[in-house]
Amino acid sequence: QIMFDFWFYFDLRTDENRTVFDYFLDTDPSLSKAERTYLGLAARSCVRLYEVTKVIPGKSVTAMDVIGKTCTEIREISGSRSLKRHDLFAARIIPVGASGRPEIDGGFYLFPRMQRDEIVSRIEFLYDMFFQDNPGTPETEFYKELPPIYHQLWLKTYGSSVPKNVKTSDGHEMVISYVYFDVDDPDALIAVLDGKKDLDRPTDDLYWTWLSKPKDGEKHVYGVFQLDGRRLILETTSRERAKKGQTKIKRIAGDLARYRLTEYTSLQSAMQEYLSKEPDPKAEINFDDLSPADREKLDRAVQEKNKAYYKEWLDMDIPRLDGCTPRQAARSRDLKPRIIEMLKDLEYMYETELKNGNPGFDPHWLWDELGLTKEHPDYRETDFPPFTGAEAMAALVIGIEEAARKIAAAYRKSDDFDDGMTLGREELALNLDFQRFVREQTALAVENGMDRQAAQENGNLLARHLEYMVNYELHLRKTFWIEESLSYMLGQTRLDLAGEMLKLPYAAFALVFTDRFTLEIAERILSKIPDCVMSGRKLHILTVYVTQVPDSGESDGLKIAFTFDAFIEQWPYLLVRELTIDPDDHLEQILASHIRTGGPDQMALVFESELMRQLIHLVINAILYTTSADVATETRTSPQKTQSRGSQGSPPGPEDTPYLSSRDVIFLPGKIDISHIKQLQAVEKSQTGRGLMVKFMVRGHWRRASPKWKDQRPRWIRPYWKGPDLATVIERQYRLKS
């Protein structure tokens with residue numbers, strides 16, 4: 001209603017070419033200067049179509065004008081808690097609202113993300129037609145006519161929107177087709193189908209993907225054969241392919257499969273049937289009834305299915321791409337924008353699923369596979385990491401970095417200081433400067449309106465951040481940045497050493513991860529945490545602060561503070577895990593140990609999860625790598641030391657390239673043949689096969705030094721291929737660590 005009211009008052013013109021607002025002013029009402037200013041701004045504004053590019057929950061939304069391509073940061077409190085990146089909406093933005101910043105006024109229409117192509121195409125078409133008929137007309141005149149159109153498009157989203165006249169890649173009308181065959185001897189038919197090169201069975205299920213002959217180095221997906229008991233079913237996308245499949249089965253199977261009938265369904269009918277179908281309560285899974293172990297198994301199964309499907313999807317004929325495959329679309333000037341929007345759809349769905357606590361599918365690797373890496377919304381060409389966790393805290397909590405440095409400096413000057421000293425929470429709690437800072441920040445939170453109990457909890461969390469920051473400062477902010485391919489390889493490397501081999505490069509230091517392999521694990525962990533502010537958001541950095549636990553008795557101790565950051569002007573989300581390191585324990589055993597979680601009881605399942613085990617596994621391997629023999633490192637100086645840092649006070653967003661870390665980092669390059677990475681990732685994205693292994697990949701592992709060697713540090717043996725050079729590589733037997 002409010003959208004209509006604003007359009008009626010400020011946009012709709014009478015035969016005299018005047019608006020209701022113009023007539024209102026003629027009555028010479030008694031208005032203040034501020035009221036006249038506001039009404040004037042509203043009258044000059046118009047409703048435009050926007051796409052969300054960045055959200056700061058409870059504060060702001062950055063939106064891009066879909067037609068004009070300009071971005072505006074909007075002060076928006078309630079909408080920023082519900083809007084997500086890549087959301088599409090139509091709204092009137094007042095350039096100067098009550099806050100002094102741009103604000104949405106008069107409500108907004110939120111459109112389903114999957115309707116983006118249709119809606120944007122419609123507005124672009126109207127835009128072109130308007131200026132063909134009205135050259136030189138101010139642009140606002142066009143937008144002031146649009147609110148009724150937005151309303152119609154918004155209503156239309158409740159119905160079907162299947163495009164018409166869609167063609168397959170070979171030019172035939174797209175029709176959902178099912179061809180049925182009767183089967184007397186299923187085992188014999190399976191043997192026949194398995195023997196055909198153009199029928200690919202990626203899993204042990206009775207499911208074959210029918211591939212075309214290679215064209216320009218690529219294969220298209222013609223359809224899918226499925227054996228259901230004594231019935232073989234072909235599902236394909238045109239009458240012509242259905243007939244071709246019928247002929248194919250007759251030729252290769254003979255009397256093993258007898259043709260029964262063919263059914264055809266239009267895309268529109270299939271969509272209507274899907275929308276009208278009542279959900280089957282028996283088919284629904286109640287996740288609340290699943291044990292944590294079963295839930296993790298289900299999540300892994302979903303991940304495997306998604307990866308296998310999208311590996312095939314790259315070569316499928318897609319109606320939205322005019323029957324072309326994603327690979328073809330990525331090389332086409334006309335279709336490239338469409339495949340980019342499809343990938344953004346997948347990004348949107350991934351973040352939505354994470355927000356709902358589901359595994360989701362991270363499509364990041366698809367951008368790389370299609371050669372569209374630089375088109376990714378988060379892509380920034382830089383050879384240096386963004387703000388680390390401690391830097392983000394320094395930007396958001398005034399004085400915390402200075403307090404950490406002051407406390408650390410006092411201990412460094414003491415007679416008791418040595419290179420192995422670290423400070424535990426108990427000792428820091430007795431430090432007057434530590435106490436004073438936490439107490440002052442707690443009091444300040446109460447002054448700013450926070451509930452006293454909430455302020456106390458806030459103070460306790462602040463103390464945990466300050467603890468790792470003090471130890472980090474105590475040992476001069478040593479920071480290791482792990483290169484992307486190295487991070488992936490370390491994640492696939494066995495921990496086959498005893499605890500005595502785990503030596504720290506420094507008593508306190510930081511590990512920085514910015515690669516998607518690590519960040520995806522981190523995002524899935526956060527999705528399991530109730531009310532986590534970072535849940536459902538793509539992370540930009542994971543900074544891990546590693547501290548040797550002091551006075552831990554016969555066994556060594558290790559405190560690992562994970563700080564997760566999506567750059568949404570919130571404190572980095574903190575998880576702390578402590579490990580006991582018994583010299584005789586195998587490192588795999590150490591993964592299951594803990595002194596205390598550092599979190600509330602409901603976090604126990606998160607700390608004990610397989611995802612957390614994977615993350616700690618990676619961290620321990622990274623620590624081993626920093627101290628292993630024959631490791632070459634690079635010291636990189638922060639660009640912030642040679643260029644202006646810009647304004648302080650907020651952590652960086654993906655578009656804020658000046659907000660690079662100010663820390664010098666010790667860069668750990670991968671220096672691993674990229675073909676090894678691609679081969680490993682190909683294994684990970686495929687299902688287990690059926691053939692025997694002739695050539696196989698040896699997983700990365702650690703080798704202990706010979707007792708006769710002078711250098712007793714462990715050696716990292718990176719993954720390598722083993723077997724005859726000309727052997728066919730079949731990926732079944734090499735299974736990545738789950």
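Reader: Which residues make the nonpolar surface patch of about 410 Å²?

Author: Phe4, Phe8, Tyr9, Leu12 and Val20 make the patch. Patch members have over 30% relative accessible area and no salt bridge, with like charges joined within 9 Å and nonpolar side chains (Val, Leu, Ile, Met, Phe, Trp, Tyr) within 5 Å. Areas come from the Shrake-Rupley method with a 1.4 Å probe, and for residues only the protein chains shown count as cover. The model is predicted: local features need pLDDT of at least 70, side-chain atom pairs count only at pLDDT 80 or more, and totals for chains, interfaces and linings use all residues. Residues are numbered from 1 along each chain as its sequence is written, and side-chain values use heavy atoms, with hydrogens and water left out.

Reader: What makes phenylalanine 4 partly exposed?

Author: Its relative accessible area is 44%. Buried means under 20%, exposed over 50%, and partly exposed in between (1.4 Å probe, protein chains only). Phenylalanine 4 is therefore called partly exposed. The residue is found in helix H1, and helix H1 (residues 2-10) gives the largest share of the patch, three residues. Helices (H or I, at least four residues) and strands (E, at least two) are DSSP runs, numbered from the N terminus.

Reader: Why is the contact of arginine 320 and aspartate 345 called a salt bridge?

Author: The term requires a side-chain nitrogen of Lys or Arg within 4 Å of a carboxyl oxygen of Asp or Glu. Here the N to O distance is 2.6 Å, so the pair qualifies. The pair links distant parts of the chain, 25 residues apart: arginine 320 lies in the loop between helix H11 (292-313) and helix H12 (326-330), and aspartate 345 in helix H13 (residues 336-355).

Reader: Is aspartate 345 buried or exposed?

Author: With a relative accessible area of 1%, aspartate 345 is buried. Arginine 320, at 22%, is partly exposed.

Reader: What is the distance between the closest N and O atoms of aspartate 322 and arginine 338?

Author: They are 3.0 Å apart, and the two residues form a salt bridge. This pair also links distant parts of the chain, with aspartate 322 in the loop between H11 and H12 and arginine 338 in helix H13, 16 residues apart.

Reader: Why are lysine 344 and glutamate 341 separated by about one helical turn?

Author: Because they are three residues apart in helix H13. Salt bridges that share partners join Glu51, Arg113, Arg116, Asp117, Arg320, Glu341, Lys344 and Asp345 into one network.
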